[in-house]
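This report goes through selected local features of one model, moving from a helix to a loop residue and then to a pocket. Please keep the sequence and the 3D view at hand while reading.

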Amino acid sequence: MTINEIQDEIIEEFSGFDDWMDRYSLLIDLGNELPALAPEKKNEQNLIDGCQSKVWIDARVEDGKIMLQGDSDAILVKGIVALLLKVLSGHTPQEILDADLYFIQKTGLQEHLSPTRSNGIVAMIKQIRMFALAFQAKGFGGV
């Protein structure tokens with residue numbers, strides 16, 4: 001699936017709920033389904049600066065595609081991490097760098113999260129794009 005197809009799927013899933021409490025429940029469920037990050041991956045190198053909660057994102061390359069794992073100490077934020085990983089993991093560095101992440105606005109996440117959580121999303125995306133740039137510079141996929 002392309003990044004846009006995944007985003008469209010997420011938008012459709014969120015549009016099935018009229019009430020924001022149901023959408024928050026969906027985020028919590030997504031967070032609960034996210035596999036735990038190995039303790040050794042919860043290190044300073046993977047810690048995202050700019051997030052109110054602790055968020056760790058780890059990246060590696062497999063067959064030219066970036067594989068992402070993440071975790072958070074806050075359950076709602078963990079759901080946001082799960083969404084970002086669902087959209088971006090498994091794509092080439094160039095696909096990640098070129099992605100227009102419109103699902104954040106179209107699901108209403110941007111307007112229904114606190115400003116600090118919205119800033120945290122921006123910080124997570126920035127870090128994932130930095131991983132993509134670094135892997136691309138090392139000659140991994142998408143060039």
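## Helix 3

The buried residues of helix 3 are Leu76, Val77, Lys78, Gly79, Ile80, Val81, Ala82, Leu83, Leu84, Leu85, Val87 and Leu88. The model is a predicted one, and in it twelve of the 14 residues of helix 3 are buried, so this helix is largely enclosed by the rest of the structure.

Helix 3 covers residues 75-88 and reaches 20 Å from its first C-alpha to its last, which is close to the 20 Å expected at 1.5 Å a residue. After helix 3 comes Gly90, which has a positive phi, near 90°.

## Ser53 in its loop

Ser53 lies in the loop that runs between helix 2 (20-33) and strand 1 (55-62). Its relative accessibility is 15%, and because buried means under 20%, Ser53 counts as buried.

When its neighbours within four places in sequence are set aside, Ser53 is in contact with Ser72, Asp73, Ala74, Val77 and Arg117; of these residues, Val77 is itself one of the buried residues of helix 3.

## The largest pocket

The largest pocket has a volume of about 160 Å³, and its lining is made up of Leu101, Tyr102, Ile104, Gln105, Gln110, Ser118, Ile121, Val122 and Ile125. By residue class, this lining divides into six nonpolar and three polar residues, with no charged residue.

Helix 5 (103-106) and helix 7 (115-137) each supply at least two residues of the lining, and the largest share, four residues, comes from helix 7.

How values were computed: Residues are numbered from 1 along each chain as its sequence is written. This is a predicted model: local features need pLDDT of at least 70, side-chain atom pairs count only at pLDDT 80 or more; totals for chains, interfaces and linings use all residues. Side-chain values use heavy atoms; hydrogens and water are left out. Buried means under 20% relative accessible area, exposed over 50%, partly exposed in between (1.4 Å probe, protein chains only). Contact means heavy atoms within 4.5 Å. The expected span of a helix is 1.5 Å times one less than its number of residues. On a 1 Å grid over the protein atoms alone, a cavity is a set of points where a 1.4 Å probe fits but cannot get out, and a pocket is an open set with protein on both sides within 12 Å along at least five of seven lines; lining residues have an atom within 4 Å of a point. Grid points are joined across faces, edges and corners, and a volume is the space filled by probe spheres set on the points. Ala, Val, Leu, Ile, Met, Phe, Trp, Tyr, Cys and Pro count as nonpolar, Asp, Glu, Lys and Arg as charged, and the others, Gly among them, as polar.
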